[in-house]
Amino acid sequence: MATVTYAQASRHYAGTERPAVDKLDLEIRDGEFLVLVGPSGCGKSTSLRMLAGLEDVDNGAIYINDKDVTNLPPKSRDIAMVFQNYALYPHMTVYENMAFALKLRKTPKAEIDVRVKKAADMLQLGDYLNRKPKALSGGQRQRVAMGRAIVREPQVFLMDEPLSNLDAKLRVQTRSQIATLQSQLGITTVYVTHDQIEAMTMGHRVAVLLDGVLQQVDTPRALYDTPANVFVAGFIGSPAMNIKTVVLTDDGAIFGQMTLPLSREQVAKARAEGGDGKVTVGFRPEDCQLVSATEGGMPVVVDLVEDLGSGANVYGHTAIGDASERFVVSTERRTMPNLGDTVFVKPRTDHHHAFHAVTGERIA
C-alpha cells in the first residue's frame, strides 16, 4: 500500500515556452483510484511518466509513501505500468508474458505459477494461458497486460489510456472490470484518460489538467456540481454545459428577454477585478426545461435532435445581442421537438453556475 505525492513537480522540454507540467501539487491517498483527465497536450501522460521514472522532474519532487523517488530509476520505484498499446511480447504465451517480470526477479517457479494462475482467474484468462497475443482479441490482450501488472504486486499501478484501442462496447465493459479489480486489490492507482465519461465513472477522485496546470481535483460528483472554473465546467459533462458571457445587471445575467437571477454577492464579485459589466453563466442541458412562449423562456430554433431512446438532446441557436449562440437541452422523449421548431428554454431555479467574465473563476 502506498501514498503518492507530487510536490511542486515540473517538467519543461527544451525549445518550449511553457512547462509540460507546471508546479503540480497533488496527493493521492493510500488505495485510491485517481484519474488524471484533460484534453490532448494538457500534461496528464507526462505527469504519469514522471511518476514512473520515464520522464525527468526538472523542479520539485515526487514521493511514494514518504520516500523521495524523484531521481530513482523506474525499477526501484515498485510500480507497474499498463500501456495504451498493451506492450506484450508476441513470441511469448499469455503465461510467459505474465510471468516474465517475476522471472527477471528470480522468483521461485512455484510462486510464479501461483501468482500467474491467481491473476488469470481474476481476469478470466485461465483458458488462454497457452495462447500467444496474436490469437487474442483486443480486450483479452488488455487483460493480459493488466495481469502482468497484477502479478508483480506493486505499491502503485499506473495506467496510460489503457482502453483507447478498444471499441465502444468493450471499453464500457472493460472499465467496469478495471474499477472492480482495483477495488478488490486495494492498490493505489493513477489512471490517465482524455475521456471525461471514463474519468467520472471510474475514479474515486478526478484531477483535471489544462496546459500543464492542475485546475481542480475532487470527487466526480463535486466536479460536476461545483466546477472551480469555466474550463472544468465545460469539460466535465456530456453534453457539455451551456456557457455564455452576457450582460450583467443588478438583477442578474441577461439572456435576450430572460434574466437569470444572481445574488447581490454574486453581482458584486462579478463586477470586481475588471468584470466590466459582464458575467459568464452556465447551465447544464438537463437543468433546463422546455416551457410555453408565455412563461418567459429563451426562444431557441432547433438545429438537431438526438433521439437517445430514453430521452433526447435538442441542439439549437438563439440571438443574444448581435450574436447567434448555440444551446443544447436534454428533454424527455415525449416532449421532443422537430427540426426547425422554435422552443422556449428556461433553466431550472438555482441550477445555473456563475463565473467571473475575466478570470473564469467560479462565483460561489
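Begin with the second largest pocket, which holds about 170 Å³ of space. The model is predicted: local features need pLDDT of at least 70 and side-chain atom pairs count only at pLDDT 80 or more, while totals for chains, interfaces and linings use all residues. Residues are numbered from 1 along each chain as its sequence is written, and side-chain values use heavy atoms, with hydrogens and water left out.

A pocket here is an open set of points on a 1 Å grid over the protein atoms alone, where a 1.4 Å probe fits, with protein on both sides within 12 Å along at least five of seven lines; lining residues have an atom within 4 Å of a point. Grid points are joined across faces, edges and corners, and the volume is the space filled by probe spheres set on the points.

Select the lining of this second largest pocket, including Tyr224, Asp225, Arg284, His352 and Arg362. Helix H7 (220-225) and strand S20 (352-355) each supply at least two of its residues; helices (H or I, at least four residues) and strands (E, at least two) are DSSP runs, numbered from the N terminus.

Of its 18 lining residues, select Ile79, Met81, Ala101, Arg148 and Arg152, the closest to its centre. Strand S6 (79-82), helix H2 (94-104) and helix H4 (138-151) are the elements that give two or more residues to this lining.

Finally, display the whole protein chain, which has 9 helices and 20 strands. Its C-alpha atoms fill a box of roughly 80 × 45 × 35 Å, taken along the principal axes.
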